[in-house]
Amino acid sequence: MADTANAPVETREQAVPLDLVRLSLDERVYVKMRGDREIRGRLHAFDQHMNMVLGDAEEIITVVDVNEEAYEEVVRTVKRNHEMLFVRGDGVILLSPPTRA
């Protein structure tokens, strides 16, 4: 039988990845999404699936078109502003918290 009386007690709190996101609440964050989309906005709420609510969000969509005549790729960006935006977590690739000085 194992002796559990002398087992070390974990005194330090374990950090989990969502703790880093929790520190970014009410801060501006950068979110890279699937489908060549990027979003910058103020993080109001999130859950364990990385569903997020962003306020004052700017969405940047990169669109690549092919010029039929010259067969060249034409890259353009479309920017949209949203007062409040719900982001579904399964489309999130990267979430970058604000830089801390």
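Asn51 lies in the loop that connects strand 2 and strand 3, where strands are DSSP runs (E, at least two residues) numbered from the N terminus. The model is a predicted one, in which local features need pLDDT of at least 70 and side-chain atom pairs count only at pLDDT 80 or more, while totals for chains, interfaces and linings use all residues. Residues are numbered from 1 along each chain as its sequence is written, and side-chain values use heavy atoms, with hydrogens and water left out.

Asn51 counts as buried because its relative accessibility is 18%, the term buried being applied under 20% relative accessible area, exposed over 50%, and partly exposed in between (1.4 Å probe, protein chains only). When residues up to four places away in sequence are not counted, Asn51 touches Ala45, Phe46, Phe86, Val87, Arg88 and Gly89; contact here denotes heavy atoms within 4.5 Å.

The hairpin has five residues between the strands, and Met50 adopts a positive phi near 70°.

Strand 3 also runs antiparallel to strand 4, to which 15 bridges join it. Met52 has Val87 of strand 4 as its bridge partner. Four residues separate strand 3 and strand 4 in their hairpin, and Tyr71 in the turn shows a positive phi of about 55°.

The largest nonpolar core comprises 14 residues, of which Val31, Ile39, Leu43, Met52, Leu54 and Val87 touch the most other members. Such a core is a set of buried Ala, Val, Leu, Ile, Met, Phe, Trp, Tyr and Cys residues joined through side-chain atoms within 4.5 Å. At least two residues of this core come from each of strand 1 (28-33), strand 2 (37-46), strand 3 (52-67) and strand 4 (72-87). Leaving aside neighbours within four places in sequence, Met52 is in contact with Val31, Leu43, Ala45, Phe46, Leu85, Phe86, Val87, Val92 and Leu95. In soluble globular proteins, nonpolar side chains tend to be buried together.

Ser96 belongs to strand 5 (residues 92-96). With a relative accessible area of 29%, Ser96 is partly exposed. Although Ser96 and Val29 are 67 residues apart in sequence, their C-alpha atoms are 5.8 Å apart in space. Ser96 touches Val29 and Tyr30, residues up to four places away in sequence not being counted.

Key. Two strands pair if DSSP finds at least two bridges between them.
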